[in-house]
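Student: I am new to this structure and want to know what the words used for it rest on. Please set each value against its definition.

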Amino acid sequence: MTHTNKRLIVMDIDSTLIDEEVIDELGAACGYGEQIAQITSRAMHGDIDFKQALHERVRLLEGLSTDIFDDVYARLHITHGARTLIDTAHQRGWIVGVVSGGFHEVADKLVADLGIDYCYAHRLGVRTDAQGRTVLDGTIASDVVTKETKKARLFQWAQEQGVDSAHTVAIGDGANDIPMIQAAGVGIAFCAKPITRQAAAYHIDTRDLSLALNIIDAHEGMES
């Protein structure tokens, strides 16, 4: 099969590109792990507003040293098949982006490690404490990445790369990913929450991101 159509793949990060939820890992580091994880779960299932949940969790991180990001990144596990998906996409001349309700402080390390082309996520506010350390101040220092933000980035990056919207692919697991999954030419729910799985045209229930290639190729076959 030849792959003449340029495509754009946009993925969520937490629980999609990686196995963990970064904010839960940060919460564990500051002693609020269980409380933050409960808020995360409710938000991902669509039970509470994502923006509200984000601010609640980030407030609990106040005072945490920014050195923690290197430690957290070292504990993360890149999802099985992710490198294969990204490397194959690039071999075919496709573009890969990530858009996340997580944080650039960790996402940028993933981008460098995996060779991802686009990234959009939150930035955390910082201050200097009495000991001269740079610590988190409990705020978000950027616009909140909402479900509509994710959808907008999908279209923006596609336009920048000259990719027809029919040739976009969106992959995610949470309620916040539903609009971009439904807007993409190929929308895939990956080991997703029930509300997301139900909303998606395609789903993968095994933690292997390379399986997305089978769905993309099958969809391409239907187009031709």
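Tutor: Start with a definition: rings of Phe, Tyr and Trp (its six-membered ring) pair if their centres lie within 6.5 Å, and planes under 30 degrees apart count as stacked, over 60 as edge-to-face and the rest as tilted. The structure holds one aromatic pair. This is a predicted model, where local features need pLDDT of at least 70 and side-chain atom pairs count only at pLDDT 80 or more, while totals for chains, interfaces and linings use all residues. Residues are numbered from 1 along each chain as its sequence is written, and side-chain values use heavy atoms, with hydrogens and water left out.

Student: Which parts of the chain does the pair link?

Tutor: Distant ones: Tyr118 is in strand β3 (residues 118-122) and Trp157 in helix α7 (residues 147-161), 39 residues apart. Helices (H or I, at least four residues) and strands (E, at least two) are DSSP runs, numbered from the N terminus.

Student: Are Tyr118 and Trp157 buried or exposed?

Tutor: Buried means under 20% relative accessible area, exposed over 50%, and partly exposed in between (1.4 Å probe, protein chains only). Tyr118 has 16%, so it is buried. Trp157 has 2% and therefore counts as buried.

Student: What makes Arg153 lie over the face of Tyr120?

Tutor: A charge sits over a ring if NZ of Lys or CZ of Arg is within 6 Å of the ring centre and within 35 degrees of the ring normal. For Arg153 the distance to the ring centre of Tyr120 is 3.7 Å. The charged end of Arg7 also sits over a ring, that of Trp94, at 6.0 Å from its centre.

Student: Why is helix α4 called oblique to helix α6?

Tutor: Helix α4 (residues 68-75) and helix α6 (residues 104-114) pack at about 50°, with their axes 9 Å apart. Because of that angle, α4 is oblique to α6: under 35 degrees is roughly parallel, over 145 roughly antiparallel, 65 to 115 roughly perpendicular and the rest oblique. The axes are lines fitted to C-alpha atoms, for helices over the stretch in contact, with angles from 0 to 180 degrees between N-to-C directions.

Student: Which residues meet where α4 and α6 pack?

Tutor: Phe69, Asp70 and Tyr73 of α4 meet Glu105, Val106, Lys109, Leu110 and Asp113 of α6. Contact means heavy atoms within 4.5 Å.

Student: What makes Ile9 count as buried?

Tutor: Its relative accessibility is 1%, so Ile9 is buried. Ile9 is in strand β1, and the residues it touches include Leu85, Trp94 and Ile216.

Note on methods. Lists of a residue's contacts leave out its neighbours within four places in sequence.
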